[in-house]
Amino acid sequence: MKQEVRIEDIPAAELIKSAMEARKKSYAPYSGYQVGAALLINELRIYTGCNIENAAYTPGICAERTALYKAVSEGKRRFRAIAVAGGRGEELQYAFPCGVCRQVMREFVVPGEFVVIVAKSPEDYKIYSLEELLPESFGPDNLSR
């Protein structure tokens, strides 16, 4: 049974502010595109991450995966929402998670219950479920015996 995303249970403004703050720590000397992410776990703690680029390009990592991997590395596996803020300079745009980040999120969440917030500011944002952003996804349940 599909559950609807309940945004009233998500502290959207706090998550967005945390993502915007994490964005300031971004290391993006090649693209200039700085991204911050703030992941809300079920215990209501927030893990943040920023994108980190590399001269060889492929060793870089997105902000969303940085936040997810920080939480997982501390034993956390149940997540409610993630906010993403990104853009060049001071001008933010709706920065959607890339396909790889969406797939990593899918590993740990129920797609219809996980909230993805893309934000320009705490007042200007869009809300999606992961299921909307990654329809017909492949996840751990596809490999169940």
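1. Strand 3 (residues 79–88) is largely enclosed by the rest of the structure, because eight of its 10 residues are buried. The model is a predicted one, and the points below should be read as such.

2. Strand 1 (residues 33–41) pairs with strand 3 in the antiparallel sense, through nine bridges. Within this pairing, Leu40 has Ala81 of strand 3 as its bridge partner.

3. Strand 5 (residues 115–119) also pairs with strand 3; here the sense is parallel, and five bridges join the two. Ala81 comes up again in this pairing, with Val115 of strand 5 as its bridge partner. Ala81 is therefore bridged to Leu40 and to Val115, in a strand that is largely enclosed because eight of its 10 residues are buried.

4. Strand 3 has a further antiparallel pairing, with strand 4 (residues 91–93), made by three bridges. Arg88 stands opposite Glu91 of strand 4. Two residues lie between the strands of this hairpin, and Gly89 takes a positive phi near 60° there.

5. Turning to the surface, a nonpolar patch is formed by Tyr27, Tyr30, Ile52 and Tyr57, whose accessible area together is about 450 Å². One of these residues, Tyr57, is located in the loop that runs between strand 2 (46–50) and helix 2 (63–73). The relative accessible area of Tyr57 is 60%, so this residue counts as exposed, the cut-off being over 50%.

How values were computed. Residues are numbered from 1 along each chain as its sequence is written. This is a predicted model: local features need pLDDT of at least 70, side-chain atom pairs count only at pLDDT 80 or more; totals for chains, interfaces and linings use all residues. Side-chain values use heavy atoms; hydrogens and water are left out. Buried means under 20% relative accessible area, exposed over 50%, partly exposed in between (1.4 Å probe, protein chains only). Helices (H or I, at least four residues) and strands (E, at least two) are DSSP runs, numbered from the N terminus. Two strands pair if DSSP finds at least two bridges between them. Patches are made of residues with over 30% relative accessible area and no salt bridge: like charges are joined within 9 Å, nonpolar side chains (Val, Leu, Ile, Met, Phe, Trp, Tyr) within 5 Å. Accessible areas come from the Shrake-Rupley method with a 1.4 Å probe; for residues, only the protein chains shown count as cover. A salt bridge is a side-chain nitrogen of Lys or Arg within 4 Å of a carboxyl oxygen of Asp or Glu.
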